[in-house]
Amino acid sequence: MTSITEPDSQIQRDDHRFFGQPRALASIFGVEMWERFSFYGMQGILLLYLYYSAADGGLGIPQATAAGIVGAYGGAVYLSTILGAWIADRLAGSERVLYGSAFIIMFGHIGLALIPGVAGVVVGLILIALGSGGLKANATSVVGALYSKEDPRRDAGFSLFYLGINLGAFFGPILTGLLQSTVGFHYGFGLAAVGMAIGLTQYSFGRKRLPASSHEIPDPLPRNRYLPYGLIAAGVVVILVVLVILGVITATNLVTIVIGVTIVASVGYFVVILGNRNISPVERKRVYAFIPLFIASVAFWSLYQQQFTVVTIYSDLRLDRGFFGWEMPVSWVQSINPVFIIVLSGVFAALWTKWGTKQPSTPVKFAFGTGIMGMAFLLFLPFAGGGANSTPLLAMVGILFVFTVAELLLSPVGLSVSTKLAPELFKTQMVALFFLSVALGTAISGVLAEWYATAPEQVYFGVLGGIAIVLAIILGLFARPIVRLMSGVR
């Protein structure tokens, strides 16, 4: 990310019109809030749309296959952040990629809403995955461009930005779920498109207030390399289309392919970084320290992202959602986690600030996050295998509270440590590696959800919860050696 020019920097420092922050933050806050509204609103009803019968407005896809598709789609979102970051760094700049990605997302939701059947799912999910990856990769960069490194409002600005994300994540599933349960799935998808259009409209009016640095291209691709890269991109698209036509890539094996691609990309990134002769011995040690954290992150996200697969199915089949004769839409369960994030993120921030240098090291936080995620799965055991409406809603609220505690111990900490451990030459790539761990875990969650469709629930939740706890214990035991490899970073 490039630094802000002095005039831009001075203008932003003197601007306190959005809750004490630069007014331009309101535009990014808004587009991110509405993007999360559309993203989580759509995802809250997507799995149901895939496996509900045609009589109930769905496509009637087998439950295991439907869960795999959702896992593959989630993994593709995080995989595409790599592409979004590369386009911003080499071709267009963060702000332009963000703006273009918002259009792509909106068209994806329109495709889901208007194109019937499997064709709408294919067109819609491909566009939303590409657009969400591009927007997610660059929104944070654009927020950072509003502040100089010395601006004391920087952390508060990011906290406000994070609030916008979770406001959208809260309201999206509630409203799309309400429409889906009353008038049909396509109206829910249509509302997601409307939400993205609102965010895009307000951002269009406010983007002129963004600093010039948000438009700059840090490492422009030479013009003479446009054609070779374009041909490579076109070749990849052609190969994918041919593989789909030949039946090599199908709905049933898509999630496995996403997992394979993500593993290859992750290993490739580590090899490139560790094999570079221009990084120092200390930097190389820090990259090695990131490997066990990467593995723990994959394990964590493979369980956490089941909110959109297994937890959705469980809520549909087992959860008592009745209130005095009225049944709460299944998608509303997805709005519980954002409420806890809004409430608890400030608590955790205050806790780390109060403890200062006495706070647990990053490997210990990762160990606790992974272990607590495993405990959340074990909390399903008293209710596993029950009939319809056998699990009280309050129990699900408690389980998702534990999900959130685990998330706040690992997710923001992971983003932070990826920047701290990164060699100077590979700052962006280390952040990309963290997103690849999210991509891999999300795709694995789809495969695990396929197992859920056939395994006894007691075995499913017990085995996965137990594995996560064992991994957490192992990471905790090796925390000190990992900290030594981190060479001064905690």
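**Salt bridges and surroundings**

Arg 321 and Glu 327 join their side chains in a salt bridge, 3.9 Å from N to O. By salt bridge I mean a side-chain nitrogen of Lys or Arg within 4 Å of a carboxyl oxygen of Asp or Glu. Arg 321 is buried, at 5% relative accessibility. Glu 327 is partly exposed, at 47%. Buried is under 20% relative accessible area, exposed is over 50%, and partly exposed is in between, with a 1.4 Å probe and protein chains only.

A word on the source. This is a predicted model, where local features need pLDDT of at least 70, side-chain atom pairs count only at pLDDT 80 or more, and totals for chains, interfaces and linings use all residues. Residues are numbered from 1 along each chain as its sequence is written, and side-chain values use heavy atoms, with hydrogens and water left out.

How many salt bridges does a search of the whole structure find? Four. One of them pairs Glu 95 with Arg 207, closest N and O atoms 2.8 Å apart. That pair links distant parts of the chain, 112 residues apart. Glu 95 sits in helix H4, residues 94–114. Arg 207 is in the loop between helix H7 (185–206) and helix H8 (226–245). Helices here are DSSP runs of H or I, at least four residues; strands are E runs of at least two; numbering starts at the N terminus. Glu 95 is buried, at 0%, while Arg 207 is partly exposed, at 22%.

Then there is Arg 36 with Glu 35, at 2.6 Å, N to O. Arg 36 is buried, at 3%. Glu 35 is buried too, at 0%.

Next, some single residues. Ala 67 lies in helix H3. Is Ala 67 buried or exposed? Buried, with a relative accessible area of 0%. Beyond four places in sequence, Ala 67 touches Leu 47, Thr 309, Gly 446 and Ala 449. Contact means heavy atoms within 4.5 Å. Ile 87 is also in helix H3, which covers residues 63–92. Ile 87 is partly exposed, at 27%. Leaving out neighbours within four places, Ile 87 contacts Ala 92, Gly 93 and Val 97.

Thr 404 is in helix H14, residues 393–420. Thr 404 is buried, at 0%. Outside four places in sequence, its contacts are Asn 337, Phe 340, Ile 341 and Leu 344.

Now the surface. A nonpolar patch covers about 890 Å², with Trp 451, Val 459 and Phe 478 among its residues. Patch residues have over 30% relative accessible area and no salt bridge; like charges are joined within 9 Å, nonpolar side chains (Val, Leu, Ile, Met, Phe, Trp, Tyr) within 5 Å. Helix H16, residues 457–477, gives the most to the patch: eight residues. Val 463 lies in that helix and is partly exposed, at 36%.

Overall, the protein has 17 helices and two strands. Of its 490 residues, 52% count as buried. The C-alpha trace spans about 60 × 50 × 50 Å along its principal axes.

Last, confidence. The average pLDDT is 84, and 92% of the residues score at least 70. pLDDT is the predictor's confidence in each residue, from 0 to 100. Residues 1–7 stay under 50. Where pLDDT is low, the predicted coordinates should not be read in detail.

Conventions
Accessible areas come from the Shrake-Rupley method with a 1.4 Å probe; for residues, only the protein chains shown count as cover.
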